[in-house]
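Visitor: I would like to learn how to read salt bridges and nonpolar cores in a structure. Please show me one.

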Amino acid sequence: MSQTFFTLAIQPRFNETDGLGHINNTVIPVWFEAAREPVFEIFNPSLNLAEWNLIVAGFTIAYTAPTNYGKPVEVKTWISRVGSSSFEVAQQSWQTGKMTAEAKTTLVHYDYAVEKSVPIADVVKQALLHLTGG
């Protein structure tokens, strides 16, 4: 894999705008989750919920500038850390050449049947390590 990060283009919707004319702060985490889909596919290529094997352990976000309605947004996603059973996804949203938010999400490879974390397979780790080019 030569790609070191993923991007997702988003056109903000009018209903995502708050009373101050900005995209509401609750919307951007939803955009970030949508942009993590290619990472989910590394673990679960069919995205079959009956075989889901990831769980969110933590999430932090910093809003660095307002995001506005009417102008496209690009969400950039890469891997910032890979551990034995968890990893961290770094993300940024950009609009008109300015970063508007950045986040870090810790995901855990998880077995729901036994309710425990499980080690990430080496082949999956290698795929994640290729995505460290934020």
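Guide: We will take the salt bridges and then the cores. Keep in mind that this is a predicted model.

Visitor: How many salt bridges does a search of the whole structure find?

Guide: A salt bridge pairs a side-chain nitrogen of Lys or Arg with a carboxyl oxygen of Asp or Glu, within 4 Å. Here the search of the whole structure gives 2. In one, the side chains of Glu16 and Arg13 meet, with N to O at 3.3 Å. In another, Lys104 pairs with Glu88, and their closest N and O atoms lie 3.9 Å apart.

Visitor: Which strands hold Lys104 and Glu88?

Guide: Lys104 is in strand β5 (residues 98–111) and Glu88 is in strand β4 (residues 86–95). The pair is 16 residues apart and links distant parts of the chain.

Visitor: Is Glu88 buried or exposed?

Guide: The cut-off for buried is under 20% relative accessible area. Glu88 has 18%, so Glu88 is buried.

Visitor: Which residues of the largest nonpolar core touch the most other members?

Guide: A nonpolar core is a set of buried nonpolar residues joined through side-chain atoms. The largest one here has 15 residues, and Ile42, Phe43, Ile79, Phe87 and Leu128 touch the most other members. At least two residues come from each of α2 (37–43), β4 and α3 (122–129). The most come from α2, which gives 4. There is also a second, separate core of 11 residues, including Val27, Trp31, Val75 and Ala101.

Visitor: What does Phe43 touch?

Guide: Leaving out residues up to four places away in sequence, Phe43 touches Asn53, Leu54, Phe87, His109, Ile120, Val124 and Leu128.

Terms used
Residues numbered from 1 in each chain as written. Predicted model: local features only at pLDDT ≥ 70, side-chain atom pairs only at ≥ 80, totals over all residues. Heavy atoms only, no water. Buried < 20%, exposed > 50% of the residue type's maximum accessible area, 1.4 Å probe, protein only. Core = buried A, V, L, I, M, F, W, Y, C linked by side-chain atoms within 4.5 Å. Contact = heavy atoms within 4.5 Å.
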